[in-house]
Structure formats: structure tokens, C-alpha cells
Amino acid sequence: MIGPFRKSAPKGAGLADDEALLAAYAAGDAAAARALTERHLPRVLALSMRMLGSRAEAEDVAQEAMLRLWRIAPRWEAGRAQIGTWLYRVASNLCTDRLRRRRGVALDEVAEPVDENQMSVEAALHQEARAEALQEALMRLPERQRQAVVLRHIEGLGNPEIAGIMEISTEAVESLTARGKRALQAELAPRREELGLDG
């Protein structure tokens, strides 16, 4: 099971030294593996949670993605791809495989963890209802739209990086994202007032 990890490094920070850390891990440096894990695992886990809607499955996917990175470490070709982008691609593919295997099976509804920063019970319940509604709406999107929307609007990646992860053109990313966003708005429209999404 995945334990708590510190927040990942700010976007763009440490991209060059990711490869140095991976090379150090391949040479037997366990601290390098910890540093890479702390930097990338939280984002890979968040992506997997949004795509799968299940914490347990997301943890499995995130662990498998990291294990694949450790296995490929001795053969990593410096400068060919960014490690974060490579991990997103692996996790996205693993999520897609799981979604295809479970088509037609009822999905577990997993509530998002509530931020416990002195929030009132009413506010916490309202936030949880919003998170659940968003997750349910995301799960109704076609897989590729969901992947593009999660990477763009939740993970905050740019279109060129998403194109690399999904192995499509930036124009296709823009199209998938726009269609996914419209579909989400349509899904959530009947509950806008209830969820406090107006204004």
C-alpha cells in the first residue's frame, strides 16, 4: 500500500536531475529512488484516481508505473523523454487497460478526501458532494476525453505534454479536451445550483 508522500516538486523543477537520479538509482542509490518517488508518485496517483475512480486500483497502477520505471532504469536513454511524461503515459495506459477489462461492471464510488483545514461540517459535506459529482461525471466520459480533461484541467499539463503522453497531435488534444469539458458541463448542469457551481 502506498504511504503518505511529500508534495511533488514544482512543475518544471528538477526535470534535468530526474535523469541523474534515475542513473544513480540504477547504480544502486536507494536515496535516489526515494527522491524520484516523492517527486512523481503523488501526481501519478492523482491521475490514476481521476481516471479509475478507485483509490485501491489507483494505488496499484501508480505502484506498477514506478516499478516499470525501476526496471527500465539501467536502459534509460538520457534526453529521449522526460521521466514525468513517461510515467504519465505508462499510468494512463495501465488505467485504460483496467477500464477496458472492467467495462460493464459497476464502478465503486469513492469520495474524494476532504481537506481538513478548519472547515465546517456543512462546508466539508458540500465540498465532498462536489468532488463526488465531478468524479461521477468524469467516469461517464469516454476514456480518451476523460484522460485529456484530467491531464489538462486537473493535473494542469500543457497540450504539447498531453499530446506526448497520449501519443496524439496537439489539435487532437484540444478537440478531446473541448468535447470532454462540454460533456462535463452538460452532466453537471442539472445539479449546478445544488452543488453551488453558479456564480
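A pocket is an open set of grid points where a 1.4 Å probe fits, with protein on both sides within 12 Å along at least five of seven lines. The views below come from a predicted model.

**View 1. The second largest pocket holds about 300 Å³ of space.** Its lining counts 11 residues. Leu134, Lys181, Leu184, Gln185 and Leu188 lie nearest the centre of this pocket. Two elements give two or more residues to the lining: helix H6 (143–154) and helix H8 (170–188). H8 gives the most, with 4 residues. By class, the lining has 6 nonpolar, 2 polar and 3 charged residues.

**View 2. Helix H2 (residues 30–52) packs on helix H3 (residues 55–72).** The angle between them is about 140°, and their axes are 8 Å apart. H2 is therefore oblique to H3. Angles over 145 degrees would count as roughly antiparallel. The crossing of H2 and H3 is right-handed. On the H2 side, the contact is made by Ala33, Leu36, Thr37, Leu41, Val44, Leu45, Ser48, Met49 and Leu52. H3 brings Arg55, Glu57, Ala58, Glu59, Val61, Ala62, Ala65, Met66 and Trp70. Sorted by class, the residues of this contact are 13 nonpolar, 2 polar and 3 charged.

**View 3. Helix H4 (residues 83–101) crosses helix H7 (residues 159–166).** Their axes come within 8 Å and cross at roughly 50°. This angle makes H4 oblique to H7. H4 passes H7 in a right-handed crossing. Thr85, Tyr88, Arg89 and Ser92 form the H4 side of the contact. Glu161, Gly164 and Ile165 form the H7 side. The contact of H4 with H7 divides into 2 nonpolar, 3 polar and 2 charged residues.

**View 4. H7 also packs against H8.** The angle between H7 and H8 is about 100°, with their axes 8 Å apart. H7 is therefore roughly perpendicular to H8. Angles from 65 to 115 degrees count as roughly perpendicular. From H7, the residues in contact are Asn159, Pro160, Ile162, Ala163 and Met166. They meet Thr170, Val173, Glu174 and Leu176 in H8. This contact of H7 with H8 has 6 nonpolar, 2 polar and 1 charged residues by class.

**View 5. H7 and its two partners, H4 and H8.** Towards H4, H7 presents Glu161, Gly164 and Ile165. Towards H8, H7 presents Asn159, Pro160, Ile162, Ala163 and Met166. H7 is oblique to H4, because their axes cross at roughly 50°. H8, in turn, also gives 4 residues to the lining of the second largest pocket.

Methods: Residues numbered from 1 in each chain as written. Predicted model: local features only at pLDDT ≥ 70, side-chain atom pairs only at ≥ 80, totals over all residues. Heavy atoms only, no water. Axes fitted to C-alpha atoms, helices over the stretch in contact; angles between N-to-C directions. Parallel < 35°, antiparallel > 145°, perpendicular 65-115°, else oblique. Left-handed = near helix turned anticlockwise from the far one by under 90°. Contact = heavy atoms within 4.5 Å. Nonpolar A, V, L, I, M, F, W, Y, C, P; charged D, E, K, R; others polar. 1 Å grid on protein atoms, 1.4 Å probe; cavity = no way out; pocket = protein on both sides within 12 Å on 5 of 7 lines; lining within 4 Å. Points joined across faces, edges and corners; volume = space filled by probe spheres on them.
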